[in-house]
Protein chains: 2
Amino acid sequence: MEEEFPGSNDLRSRETLLASGGRRAAGGVEDAARGIGAGAAVLAFDVGGTDIKSAVFDADGTALGLRRTPTPPLGDDPAAALIEELARLSEELRAQHPLVVPAALGFVVPGIVDADAGIGVFASNLGWRDAPLRDLAAERLKLPIAFDHDVRSASWAEHRLGGARAHDDVVVLIIGTGIAGAILVGGEPYTAGGYAGEIGHSPIADGPECACGARGCLEAIASAGAIARRYAAETGTVPDGARDVIARAAAGDAVAARIWDDALDALTMSLAQLTAMFAPQAIVIGGGLSRAGGALFDELRARLAARLSFHRMPELLPAELEGDAGLLGAALRARELA
Amino acid sequence: MEEEFPGSNDLRSRETLLASGGRRAAGGVEDAARGIGAGAAVLAFDVGGTDIKSAVFDADGTALGLRRTPTPPLGDDPAAALIEELARLSEELRAQHPLVVPAALGFVVPGIVDADAGIGVFASNLGWRDAPLRDLAAERLKLPIAFDHDVRSASWAEHRLGGARAHDDVVVLIIGTGIAGAILVGGEPYTAGGYAGEIGHSPIADGPECACGARGCLEAIASAGAIARRYAAETGTVPDGARDVIARAAAGDAVAARIWDDALDALTMSLAQLTAMFAPQAIVIGGGLSRAGGALFDELRARLAARLSFHRMPELLPAELEGDAGLLGAALRARELA
């Protein structure tokens, strides 16, 4: 799962954390990467457009060899090239941890994913269309293969291990460069053939234009990327990410304050729509913006409560697993096959 | 299920249809009230704020004694009073059809309904709060009792017998005086403790005020009731329902055209949100507005396609069961217990 917000608590910082005792600096949450519990050893991969996170999880559920490697150029046959890269990484991880014998392999990818059919329907950054990724992996890697969508896998991991543990009907929003989402029904991702959960590309107004080609998408106003971009466009000053815009708003910058207010209003509108239509018990928010300060959760709770009438107010909770959630989901899915 | 749009193809006209051979004048759809198929005999009730529809379904699935009777004043103990009325109607139906021995009874009610728990959580027109309606009915009526929400039951009947037969992930919208909705996941209503599916009370803008207390609800702009009300407010002329406003728009009335256009835009926005978040295979639209002419489905298809980008376009389909869907759902739910 991609997470490009500056300061993201991802594996780069996680490796430092692991070396320093395995606890997060902020929040005191137990290190997620060591938290999948006892079970079969499995290989797990979270494939993104920029890099691939991988690890082998041992029988205690500890992630060994946790690494982030650049996604290689995938050429004319991106599906086959990706599977070759997974094979190479698998061999590397197994060579480094010869006593851990994985019983299954899980991998997750972005884009439109039909997990039931094992097919990567479409991924703009990776290039495949209707690629039978699960079958290709099974043939090449000679292991039972679990295959899923990165954000749905991450959301399910939040349900199993993280911020959504207490609830079965949950929406997860990851707000970073873009806005990704997933809907859990009865504790399992609701997929709709891979098309569900595109909350970042649900319209909340008639504008502005979104990179996806539609207009008024939530992502075009309320993502960390949009907040920084809009500030740069209006002021000519390139901020150090959304966090900087929020800090400028707090310091009295009127343009920053308006852009941040617009983002909060757009998020509130989207949360109100989710509440009316889907009535989740909780909405879990992760990604860079959820750690950006500015009392995001307090602001959203107050604004959402003011928008609702008879509706059931959902709990608004921070994600706990953050950048590793996709990898943990992949490992847990592989466990189901082992 | 309430359906107050003028010209609704409801039981009042249905009784005429039954007398005249059991086929609908429009559409050639086989009469829904005779269509639940072979199985146990059951009693079924669709309770609304204004009236109660009831029938006994025989082993062929034919509705006998189909009637619509006024909902009596329910007094200080509305739950007990309703169950007494259901008992009275049950005795009447059984006395009139002594050879049909019902094996179970199904009833559906409006409001917030926790069907799993058998509880009517809240119903503004009927007055109960957290009423254990299923248990009360079982005790008084001495039959296995199926209990559900009217619109979710109707939507499920559309899946079993009507316009949503071909799909398992479906949204049903009933657009009449208000806008009611339901979400089917894997062919079953998604409930969220009774709070899901309030698509009519999902915001699509920052205004106008809605009767529910929130603002910008879809229902406040796009329901048949809102269309007629807005036209009356702007022109001082009370139209003969939304159908009349649409006819005036077609005849060149600029105010009517703008109000109808606003309604179509609001509906399109809501359909786009449902498509992005939930990606149903089909969205089934029923209620008075769906029969109001003005090429509703063609307009919505074109506008929705123009709003989407990579999203999966849902089929937009007319509901087939219309005003009897709630009763048929109640009968089918009772069959599950018989």
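Student: Which residue in S6(B) is the bridge partner of B:Asp114?
Tutor: The bridge partner of B:Asp114 is B:Ile119 in S6(B). This is a predicted model, in which local features need pLDDT of at least 70, side-chain atom pairs count only at pLDDT 80 or more, and totals for chains, interfaces and linings use all residues. Residues are numbered from 1 along each chain as its sequence is written, chains are lettered from A and ligands numbered from 1 in the order in which they are written, and side-chain values use heavy atoms, leaving out hydrogens and water.

Student: How many bridges join S5(B) to S6?
Tutor: There are 3 bridges between S5(B) and S6 (residues 119-122) of chain B, and the two run antiparallel. A strand is a DSSP run of E, at least two residues long, numbered from the N terminus; two strands pair if DSSP finds at least two bridges between them.

Student: And what order do the strands of the sheet take?
Tutor: The order is S5-S6-S7 in chain B, an open sheet of 3 strands with antiparallel pairing. S5 (112-114) and S7 (129-131) of chain B each have a single partner strand, so one side of each lacks a neighbour in the sheet.

Student: New topic: how many residues of chain B are in contact with chain A?
Tutor: In chain B, 36 residues are in contact (heavy atoms within 4.5 Å) with 35 residues of chain A.

Student: How many salt bridges are there between the chains?
Tutor: The count between chain B and chain A is 2. A salt bridge places a side-chain nitrogen of Lys or Arg within 4 Å of a carboxyl oxygen of Asp or Glu.

Student: Which side chain meets B:Asp206 in a salt bridge?
Tutor: That of A:Arg307, at 2.8 Å from N to O.

Key. Helices (H or I, at least four residues) and strands (E, at least two) are DSSP runs, numbered from the N terminus.
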